[in-house]
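Please read it alongside the sequence and the coordinates.

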Amino acid sequence: MKPQSIVVLGGTGFVGRHLVTRLQRDGHSITLLTRNRDLHRELGVLPRVRIVNADVHELATLARHLAGADAAINLVGILNGRRGRGNDFRAAHVELTRTLIAACAQARVPRLVQMSALRAGEGESDYLRTRGEAEALVRASPLAWTIFRPSVIFGDGDGLFFRFASLLRIAPVLPIARAHARFQPVHVGDVAEAFARAIAHPHSIGHVYELGGPEVVALGDVVRRTARMMGKHRLVLPLPDALGFMQACIGEWLPGKPISRDNFRSLGLDSAAREDGLGALGIVATPIDAVMPALLARQNLWERKPRGS
Ligand SMILES: NC(=O)c1ccc[n+]([C@@H]2O[C@H](COP(=O)([O-])OP(=O)(O)OC[C@H]3O[C@@H](n4cnc5c(N)ncnc54)[C@H](OP(=O)(O)O)[C@@H]3O)[C@@H](O)[C@H]2O)c1
């Protein structure tokens, strides 16, 4: 495959960092567009990676940065809007995708790889609804598109095991809303590999790939398992829905929004793949136990290390 010039939106986060490293190994040149380059300078030291400040919601800016590129990858996504700003999901998922498609057309960029999520377009959450609307725009576009729909993604610094680990470190009892919701956690390295293969192989054009790992697990079990991997004895308390909803209402006001009403609505649907997207791309899914125990143990060691050593 000929190395390509790729512009990535939303590439400074958890998935983006893994993806950029993977794409760069294939010899591609990558331009990462971010709202604040100063926060992500370390990514700019990778060979053939350029990190640029840009307002990705502005058509002219986007078209200018896309000029001469072979492909765009859109990883922008939010799990929570700002309080009282109902349009945040629409702006980040739908309007941004619309602008990106127009900018690709203006800059004559033929290829778009779009990140979405399992169950996009289903259920009652703004998150999933706007994900579905963004997918519809991509499918209707004249671009050579590929869409990825992962379940929750695990790995170094994830928002699942690492997030629960930080809560379990301080809380002897953890009440969990929607503890029966089922997920199929997929490894971030496998997700990055799927994107890299999509860029390399034109047969992925026009396909939607659902990405899940080898296991389907309930949310409550994820938390219990995280505690076990950390060597901690913790009580995980599944909440009935009425209390779970109250927890979500309160969670919206807490720093870092551990849970919101919209998250609660998303959790009303199981996030398990109906087809094997990784397998279709020739990727063998990485098990949770092959990765997470070592990562969490390393995290524990860091936290126990005395300051200054
Ligand atoms: N992590 C998961 O378990 C999971 C599961 C399914 C789907 N996904 C989707 O995969 C994508 C990447 O996830 P992630 O975990 O890497 O997310 P992340 O760590 O939160 O990173 C999200 C990226 O999006 C950019 N971004 C956020 N809000 C934005 C806005 N309003 N306007 C412009 N850019 C914005 C940020 O870039 P800057 O701050 O640099 O501008 C950041 O790099 C997201 O679309 C997410 O919804 C993730």
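## Packing of α3 and α4

Helix α3 (residues 88–107) packs against helix α4 (residues 126–140) at about 10°, and their axes lie 8 Å apart. Axes are lines fitted to C-alpha atoms, for helices over the stretch in contact, with angles from 0 to 180 degrees between N-to-C directions. The angle therefore makes α3 roughly parallel to α4, a label for angles under 35 degrees. Helices (H or I, at least four residues) and strands (E, at least two) are DSSP runs numbered from the N terminus.

On the α3 side the contact involves F89, R90, H93, V94, T97, R98 and I101, which meet D126, Y127, T130, R131, E133, A134, L137 and V138 of α4. Contact requires C-beta atoms, placed from the backbone, within 7 Å. The classes represented between α3 and α4 are 7 nonpolar, 3 polar and 5 charged residues. Here Ala, Val, Leu, Ile, Met, Phe, Trp, Tyr, Cys and Pro count as nonpolar, Asp, Glu, Lys and Arg as charged, and the others, Gly among them, as polar.

## Basis of the model

This is a predicted model, in which local features need pLDDT of at least 70 and side-chain atom pairs count only at pLDDT 80 or more, while totals for chains, interfaces and linings use all residues. Residue numbers start from 1 along each chain as its sequence is written.

The ligand is surrounded by 20 residues, with G10, G13, T34, R35 and G77 the closest; the criterion is a C-beta atom, placed from the backbone, within 6 Å. By class the shell holds 12 nonpolar, 7 polar and 1 charged residues. Helix α1 (residues 14–25) contributes the most to this shell, with 3 residues.

The buried residues of α1 are V15, G16, R17, H18, L19, V20, R22 and L23. A residue is buried with 20 or more other C-beta atoms within 10 Å of its own, exposed with 12 or fewer, and partly exposed in between, the C-beta atoms being placed from the backbone. Their cover includes β1 (5–9), β2 (29–34), β3 (49–53), β7 (153–154) and α6 (188–200). After α1 comes G27, with a positive phi near 85°.

## Nonpolar core

The largest nonpolar core has 87 residues, of which I6, V8, A72, C104, V191, A194 and F195 touch the most other members. Such a core is a set of buried Ala, Val, Leu, Ile, Met, Phe, Trp, Tyr and Cys residues joined through C-beta atoms within 7 Å. Leaving out residues up to four places away in sequence, I6 touches L23, H28, I30, A69, D70, A71, I73 and I199.

Most residues other than glycine have a negative phi. R119 is not a glycine, yet its phi is positive at about 70°. R119 sits in the loop between β5 (111–115) and α4 and is buried, with 23 other C-beta atoms within 10 Å.

K257, also a residue other than glycine, has a positive phi near 40°. Its position is the loop between α8 (241–251) and α9 (261–266). K257 is partly exposed, with 17 other C-beta atoms within 10 Å.

## Separations along the chain

G155 lies in the loop between β7 and α5 (161–170). The count of 24 other C-beta atoms within 10 Å makes G155 buried. Although G155 and M292 are 137 residues apart along the chain, their C-alpha atoms are separated by 6.8 Å. Beyond four places in sequence, G155 is in contact with H18, H187, V188, G189 and V291.

Note on methods:
Contact = placed C-beta atoms within 7 Å. Parallel < 35°, antiparallel > 145°, perpendicular 65-115°, else oblique.
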